[in-house]
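Hi there,

I am handing over the structure we talked about, so please open it and keep it beside you as you read.

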Amino acid sequence: IESPDLTGAVDTPAPPEAIVMPPSTGDLTDVGSEATTGGGRDVAGGAVVTDVSQAGELQAWLEQHRGGLTRSAALGVLSRAWNLEPAYAGDCELPQGGDGVRCFRGDGGWVAVSALDFPAALPLATDAGQVWVALTGLTRTEAMLSIDGEERAFLRQALSPLWAGDFLVLWRPPFESNAAEAWTQAELAKTFGQEPAAAGMPLQESVRRYQELGGLDPTGQLDEAVLLKLFATSAPESAPRLWREG
């Protein structure tokens, strides 16, 4: 059972006619930083864009830490960021873990992961096979990776050729499982400036409207993508965030 892929950017609460996007904006199907896709290709010209020296440094750093490049190790970094004790023991095949922790599978590259603004585990395709790293920080040009307690910053362009754009995110919902609908209604009312609540709009219609505005498939179903998008715009200050100045 997998959480649905994220196909739309996260909104910040605003009137529905002017939904404000996080610092990195755009269609989540356009994977990449401002000029590149998740595979390191220039959107306009199709040429591979990367920094040769940085790419070499990244490959050498990954090789140096090859023993710590597992998915469980990357999720362990995310667990520590969320102050989870013990570390998340799930494998993300099931979204729900212990202590109310959820694991979300997303794709969409830099735009999607920066819009959520939570630390993420990234699978990278190297010459020696697939490895996992934890993304713990992000600026408009750089990505901070953490392995074995060591954090290094690399240009996004150096990382993009190794990353197809999919990721895992841990999060802890601020509601019990049986209270998801009530929480969602309250958050949607904030997002729409109380309009749906005042009009008595059914939850399914409110969710569909939110999905349409956020670029999600407008099914009207309250799924993991909707819950995580709403949580990302209202998470407490204690929640770990990716974005850093620079």
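Below I go through a helix, some salt bridges and some aromatic rings.

A word on the ground rules: this is a predicted model, where local features need pLDDT of at least 70 and side-chain atom pairs count only at pLDDT 80 or more, while totals for chains, interfaces and linings use all residues. Residues are numbered from 1 along each chain as its sequence is written, and side-chain values use heavy atoms, with hydrogens and water left out.

Let's start with helix α2, residues 71-81. Helices (H or I, at least four residues) and strands (E, at least two) are DSSP runs, numbered from the N terminus. Which residues of α2 are buried? They are Ala74, Leu75, Gly76, Val77, Leu78 and Ser79. Buried means under 20% relative accessible area, exposed over 50%, and partly exposed in between (1.4 Å probe, protein chains only). The cover over these buried residues includes the strands β2 (120-126), β3 (129-138), β4 (142-147) and β6 (167-171), with contact meaning heavy atoms within 4.5 Å. After α2 comes Asn83, which has a positive phi, near 60°.

Next, the salt bridges (a side-chain nitrogen of Lys or Arg within 4 Å of a carboxyl oxygen of Asp or Glu). The whole structure has 7 of them. One joins Asp117 and Arg241, with the closest N and O atoms 3.9 Å apart. Asp117 lies in the loop between α3 (109-116) and β2, and Arg241 in the segment after α8 (224-234), so this pair ties together parts 124 residues apart in sequence. Asp117 is buried at 14% relative accessible area, whereas Arg241 is partly exposed at 30%.

Another salt bridge links Arg208 to Glu205, the closest N and O atoms being 2.7 Å apart. These two are 3 residues apart in helix α7 (residues 203-214), which separates them by about one helical turn.

Finally, the aromatic rings. Rings of Phe, Tyr and Trp (its six-membered ring) pair if their centres lie within 6.5 Å; planes under 30 degrees apart count as stacked, over 60 as edge-to-face and the rest as tilted. By this rule there are 7 aromatic pairs. For Trp171 and Phe231 the ring centres are 5.2 Å apart and the planes are at 45°, so the pair is tilted. Trp171 sits in strand β6 and Phe231 in helix α8, 60 residues apart. Trp171 is buried at 1% relative accessible area, and Phe231 is buried at 2%. Ring pairs also join Trp82, Phe118, Trp171 and Phe231 into a cluster.

Happy exploring!
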